[in-house]
Each structure stands twice: as C-alpha cells, then as structure tokens.
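Please look through the structure below together with the numbered points that follow.

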Amino acid sequence: QIAAALAAGNPVIAKPAEQTPLIADRAVALLHEAGIPRNVLQCLPGTGETAGAALVADARVAGVMFTGSTAVATRIHRVLAARGDVPLIAETGGINAMIVDSTALPEQVVADVLASAFDSAGQRCSALRLLCVQADIAGRVLTLLDGAMAELNVGPGDDFATDVGPVIDGAARMQIDAYIDAMRANRHCVLTRSLPDVCAKGQFVTPTLIEIPSPADLRQEVFGPVLHVVRYAARDLDGVLDAITASGYGLTLGIQSRVDETIARIVSRVPVGNVYVNRNMIGAV
C-alpha cells in the first residue's frame, strides 16, 4: 500500500496497528534508507481511535488505504463519505470457504486445510474459516484432519519447530477463547487440545475445529486458528453456495474436486476475488 501510493506521486503517512509499531517503523526506515525523502513518508504510531480517527477526518488526507475489520472499514467509509469524494481502498478479510466434493483426495485436502486455516495462527485475511465437505467423505477427511491437527506444534514464534504461534494480543486471545466456549456450550462438536507447557506465558490459542449445521450459522469472522466444518449432501451443493454468497463476504474461495464441471459450476455461482483450485488458499497466488 505504501509503495503503491508513493509510486502514484503521493506523500504518505503510515499508521500501523497499535500492536505492531516497531516492525512498521523499521519498514519505513528501510524506505528512507532506499531514498524516499523523510517528509514524503512518515510513520505515525498510535491507536485507531485517536491517531487513525484524526487522520481519516483531516481534510489534508486525500485518500485512505486500510487493512483490518469490516466494521472499522465501514466506519472509515462513513467519515470519508461525509467529507466528499475521498477514495477508500479497504481489504477486510472475511468468512472464506473451501468446498470439498467426494472426488477430492483426502490427504491433499488435509494438507491444504492445515496451511489455509492454521498458518500464522489463522491471522490472515485469506485464511480458511469454513470447510464444507461432502458427507460421503466427511468422516474420513475429518478423522485425518483431527490426527494432523494433533501433530501441530503450538509455541513461540522464534522457535523453528513451531507450526502455530501466538495470536496478536491478550484481547484477541480472550475473544477467541470466549467464542469457542460459547460454541461448546451451545452443544456444537468442538475438537481441540490442551496447550503445551511452553505456552503458559503468552497469547496462544490451540487449533480448533467446530462443526456447524449450515454455512448460515457462521455469522462472524473469527480471526484466529478456528475452523468451522459443514457436512453437506451432494444434492444440497447449490444451497451451500447460496449461503456462502449470502454471508456478504467475497475475498477467497477454495475448491477441492477432480471434476471440471463441478469446479466451473462453483466458480460461476460464488462471486469472490480469488479462487484456489486443489491447493491451499493463502499466499495471494
């Protein structure tokens, strides 16, 4: 975002998330070292409620590029709309789904699901949130997936043996834990494991799988290592696709199938920005 704005001839104020000021400051320093004048690019750390809100409302800010939640993007959009014709480029994640039919290879599905749902502790805009598996192979896929999840190492991010690191802060951990507890209390099947002793200090959430009856039951994005699973009958595929579309999100979609007609049918029915076929859903490839 910074490079694009600079290339288009704009001075830039880089306002990082309040949890990540150091890496943002380092990135801006590297751009200065590369020759970008200091008065053309400045890093402004602070909270969204103070620094971010002041920037968005200021008449001298001619455009906003934002990465974060849909709720915050909507608030920014309202402020900019009141100011007039101020462009907003917002990238806000979503309830990203993967559709798996009965012709898919279960082992490949599991490997791609692990990377899509749990890399970066699920803290990716494109991370897999909703796995829809045809009922004919759901038992086999979920058995393999449960076993594979048990092999994931949860731990500090500076340990090369770690597969799943911490979530961004304590507030995020508590929100995710509360969500998982609520789903368990509502009698959803929840597959998870205890955290290892190495995670006693820090903000860790163990990879978790939650079964739900329908895509319509998932009404919010859970930004962490939490994967929802729906089993569907082949005759109900169109209804599943309609429910995914009705969620209002459209960032990424995964398809696992060996039938070209099925792939084409799904692609034609679900309006999303990126479609990944028979591979993982992360990396913006």
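Predicted model: local features only at pLDDT ≥ 70, side-chain atom pairs only at ≥ 80, totals over all residues.

1. Arg60 counts as exposed, at 76% relative accessibility; here exposed means over 50% relative accessible area, buried means under 20%, and partly exposed lies in between (1.4 Å probe, protein chains only). The side chain of Arg60 meets that of Asp58 in a salt bridge, 2.9 Å from N to O. A salt bridge is defined as a side-chain nitrogen of Lys or Arg within 4 Å of a carboxyl oxygen of Asp or Glu. Asp58 is partly exposed, with a relative accessible area of 23%.

2. Residues are numbered from 1 along each chain as its sequence is written, and side-chain values use heavy atoms, with hydrogens and water left out.

3. How many salt bridges does the structure hold? There are 12 salt bridges. One of them joins Arg26 to Glu33, with the closest N and O atoms 3.5 Å apart. Arg26 is partly exposed at 43% relative accessible area, whereas Glu33 is exposed at 60%. As a general principle, side chains of opposite charge can pair when their charged atoms come close.

4. Another salt bridge is formed by the side chains of Asp238 and Arg265 (2.9 Å, N to O). This pair links distant parts of the chain, since Asp238 belongs to helix α8 and Arg265 to helix α9, 27 residues apart. Helices (H or I, at least four residues) and strands (E, at least two) are DSSP runs, numbered from the N terminus. Asp238 is partly exposed, with a relative accessible area of 28%, and Arg265 is partly exposed as well, at 35%. Salt bridges that share partners join Asp238, Asp242, Arg265 and Arg269 into one network.

5. In what order do the strands of the open sheet lie? The seven strands follow the order β7-β8-β9-β6-β5-β10-β11, with mixed pairing. Two strands pair if DSSP finds at least two bridges between them. The edge strands, β7 (190-191) and β11 (274-277), each pair on one side only.

6. Strands β6 (residues 128-134) and β9 (residues 226-232) run parallel and are joined by five bridges; Leu131 has Val229 in β9 as its bridge partner. Helix α8 (residues 237-246) lies across β5 (96-100), β6 and β9, at about 170° to β5. Angles run from 0 to 180 degrees between N-to-C directions, and axes are lines fitted to C-alpha atoms, for helices over the stretch in contact; contact means heavy atoms within 4.5 Å.

7. Strand β8 (residues 208-211) points Thr208 and Ile210 one way and Leu209 and Glu211 the other way, yet all are buried. Two bridges join β8 to β7, and these strands run antiparallel; Ile210 is the bridge partner of Val190. Four bridges join β8 to β9, which run parallel, with Val226 in β9 as the partner of Thr208.

8. Finally, Ser120 has a phi near 55°, a positive value in a residue other than glycine. Ala121 likewise has a positive phi, of about 55°, although it is not a glycine. Ser120 is partly exposed, with a relative accessible area of 39%, whereas Ala121 is buried, at 1%.
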